[in-house]
Amino acid sequence: MSYKVRLQSFEGPFDLLVYLIENAQMSIYDIKISQITSQYLAYIQTMQEMDIYVASEFMVLASALIEIKSKMILPRAAIEGGAVVEEDPRSELVARLLEYKKFKRAAEILQDQENRCSKIFEKPQEDISNYLQEPDEYLSLDLKQFAAAFHMFLQRKQRVESVRRHYSRMERERARMEERISRIASLVRKNLGQVFNFKEFIVNKKDRYDVVVTFMSMLEMARNRIVTVEQQSTYGDIQVSAGENVYGQVVSDDGVGVMGDKEVQHVQ
């Protein structure tokens with residue numbers, strides 16, 4: 001059985017140093033040189049023990065860390081103009097780390113832009129001069145002509161809306177009649193020999209539109225002899241019973257027939 005070991009790769013010594021600082025949750029302005037130097041050297045030693053090539057710049061930074069660590073032990077006072085100034089051996093390293101992080105962030109932004117732009121496809125420019133040869137046409141109208149044209153437009157729009165409303169109402173009425181015919185025919189077939197009162201087929205007796213739809217459906221069924229309709233006196237009750245064609249179909253003017261609860265296409 002073979003084992004595969006995956007190590008985190010670093011682009012350079014500063015990349016490793018930034019990783020160690022962030023992993024230790026240190027401030028880049030207050031680096032604990034002793035701790036970071038020990039971790040840095042231990043990481044390089046591990047790489048060498050695993051027979052991983054260590055570039056020379058890693059060793060250069062290691063020597064720089066050791067130098068800074070030794071300076072941290074020595075006194076760091078300097079006299080300038082009679083005043084004592086504390087010198088921090090880490091200042092140069094901090095400046096280089098800040099510069100490295102700035103350029104690394106810029107590289108990440110450029111990489112993101114490259115990945116995003118790689119998914120964008122451009123359409124080559126086309127010659128559209130043929131479509132630009134004819135100038136735009138402008139209507140030369142005075143105020144009265146413009147008002148008359150606008151009035152005609154409004155009238156035409158009103159006519160279109162009126163036709164649309166009428167068509168929608170007719171379609172709704174036709175659907176209601178087909179549904180009502182199917183319901184009445186089904187009820188009559190289930191009770192052959194029974195005499196019904198017209199009012200029994202009205203779903204909502206308080207709705208005038210529902211009464212009209214039921215009456216029109218009854219006339220259509222009587223015309224096709226699906227039912228027999230009889231009225232003994234003027235304004236008297238309408239008696240409805242099964243007709244001779246009770247198992248037939250009702251054919252409307254648009255060629256759609258209703259048989260039971262199903263619609264069938266009438267063949268001329």
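## Exercises on a predicted model

The side chains of R225 and E244 meet in a salt bridge, 2.7 Å from N to O. This is a predicted model, where local features need pLDDT of at least 70, side-chain atom pairs count only at pLDDT 80 or more, and totals for chains, interfaces and linings use all residues. Residues are numbered from 1 along each chain as its sequence is written, and side-chain values use heavy atoms, with hydrogens and water left out.

### Exercise 1: salt bridges

Task: Find where R225 and E244 lie, then work through two further salt bridges.

Solution. 
- Start with the term. A salt bridge is a side-chain nitrogen of Lys or Arg within 4 Å of a carboxyl oxygen of Asp or Glu. The structure holds six.
- R225 sits in the loop between α6 and β4, and E244 in the loop between β5 and β6 (250–251). They are 19 residues apart, and the pair links distant parts of the chain. Helices (H or I, at least four residues) and strands (E, at least two) are DSSP runs, numbered from the N terminus.
- Check accessibility. Buried means under 20% relative accessible area, exposed over 50%, and partly exposed in between (1.4 Å probe, protein chains only). Both R225 and E244 are exposed.
- Take R105 and E108. Their side chains form a salt bridge at 3.4 Å, N to O. Both belong to helix α4 (residues 91–117), three residues apart, about one turn of the helix. R105 is partly exposed at 48%, and E108 is partly exposed at 37%.
- Finish with K123 and E126. Their closest N and O atoms are 2.3 Å apart. K123 and E126 are both exposed.

### Exercise 2: strands

Task: Which strands pair with β5 (residues 238–242), and which residues stand opposite Q239?

Solution. 
- Use the rule: two strands pair if DSSP finds at least two bridges between them.
- Strand β3 (residues 196–197) pairs with β5 in the antiparallel sense, over two bridges. Here N197 stands opposite Q239.
- Strand β4 (residues 227–231) also pairs with β5 in the antiparallel sense, over five bridges. Here E230 stands opposite Q239.
- Look at the hairpin of β4 and β5. Six residues lie between the strands, and Y235 takes a positive phi near 60°.

### Exercise 3: confidence

Task: Where is the pLDDT below 50?

Solution. 
- pLDDT is the predictor's confidence in each residue, from 0 to 100. The protein chain averages 76, and 77% of the residues score at least 70.
- Residues 1–7 fall below 50, with three contacts in the model beyond near neighbours in sequence. Contact means heavy atoms within 4.5 Å.
- Residues 258–268 also fall below 50, with 24 such contacts.
- Where pLDDT is low, the predicted coordinates should not be read in detail.
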